[in-house]
Amino acid sequence: MLINLSLLIIGLPFSRAVTEIGIAGIILGWIIYRFSSKSDNKVIIGSKIERFFRKFRVECGIGVPLTCFVFVCMFSLTQTNHFYPESLRGVIKVIKYTFFCLAVIDTVNTRKRFNNLLILILSVAFVISLNGLIQYFAGTDLIRQYPLSEEHRISSSFGNPNNLAGYLCMLIPL
């Protein structure tokens, strides 16, 4: 799981397909891990539904608000009159990223893992920023050969300057 998460962090700036495949792999690996966990194979008294949901319980304070948010999104699907396929796709995406959030919380559960991932995130941001500076001075970036825009805005390997700005702004609090 930690290796998949690391590969996702490295591949995030380079390919949308790698990101989607990485997230799906992390979710699938997490679900398999949760169902094959030895500690949960004890005899559990309760219904099958209760046993099923007990497999996905993650010890964190965000579980109840996250569950409420997913149910509100699912309820909003019943209120839509137009664009039902797009709304359904949006709800599926919310559910997918909710499982991804729970998998990350469950995987990054020690200080050492957190620090290692933080170093990896900052290293990738440094490479992306360096690539952007090379794009500014050389006219094209090194990774994907994107040219500098006519407005002289840096996009690095993202292809769009706004995507690069969003990525780097997300990392400012770190």
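Q: How many aromatic pairs are counted by the ring-centre rule?
A: The count comes to three aromatic pairs, where rings of Phe, Tyr and Trp (its six-membered ring) pair if their centres lie within 6.5 Å. This is a predicted model, in which local features need pLDDT of at least 70 and side-chain atom pairs count only at pLDDT 80 or more, while totals for chains, interfaces and linings use all residues. Residues are numbered from 1 along each chain as its sequence is written, and side-chain values use heavy atoms, with hydrogens and water left out.

Q: What makes the pair of tyrosine 136 and phenylalanine 137 edge-to-face?
A: Their planes stand at 80 degrees, with 5.1 Å centre to centre. Planes under 30 degrees apart count as stacked, over 60 as edge-to-face and the rest as tilted, so the label is edge-to-face.

Q: Why is the pair of phenylalanine 158 and tyrosine 167 called tilted?
A: The ring centres are 5.1 Å apart and the planes meet at 45 degrees, so this pair is tilted.

Q: Why is H4 called roughly antiparallel to H5?
A: Helix H4 (residues 63-78) and helix H5 (residues 84-107) pack at an angle of about 170 degrees, with their axes 9 Å apart. Angles under 35 degrees count as roughly parallel, over 145 as roughly antiparallel, 65 to 115 as roughly perpendicular and the rest as oblique. The pair is therefore roughly antiparallel.

Q: Which kinds of residue make up the contact of H4 with H5?
A: The contact (heavy atoms within 4.5 Å) includes Phe69, Cys73 and Leu77 in H4 and Leu88, Val91 and Ile95 in H5. Its residues divide into 13 nonpolar, two polar and no charged.

Q: Why is serine 156 called buried?
A: Serine 156 has 0% relative accessibility, and therefore counts as buried. This residue lies in the loop between helix H6 (111-138) and helix H7 (161-171). Among the residues that serine 156 touches are Ile128, Asn131 and Tyr146.

Q: What is the phi of serine 156?
A: Phi of serine 156 is near 50 degrees, a positive value in a residue other than glycine.

Conventions:
Axes are lines fitted to C-alpha atoms, for helices over the stretch in contact, and angles run from 0 to 180 degrees between N-to-C directions. Helices (H or I, at least four residues) and strands (E, at least two) are DSSP runs, numbered from the N terminus. Ala, Val, Leu, Ile, Met, Phe, Trp, Tyr, Cys and Pro count as nonpolar, Asp, Glu, Lys and Arg as charged, and the others, Gly among them, as polar. Buried means under 20% relative accessible area, exposed over 50%, partly exposed in between (1.4 Å probe, protein chains only). Lists of a residue's contacts leave out its neighbours within four places in sequence.
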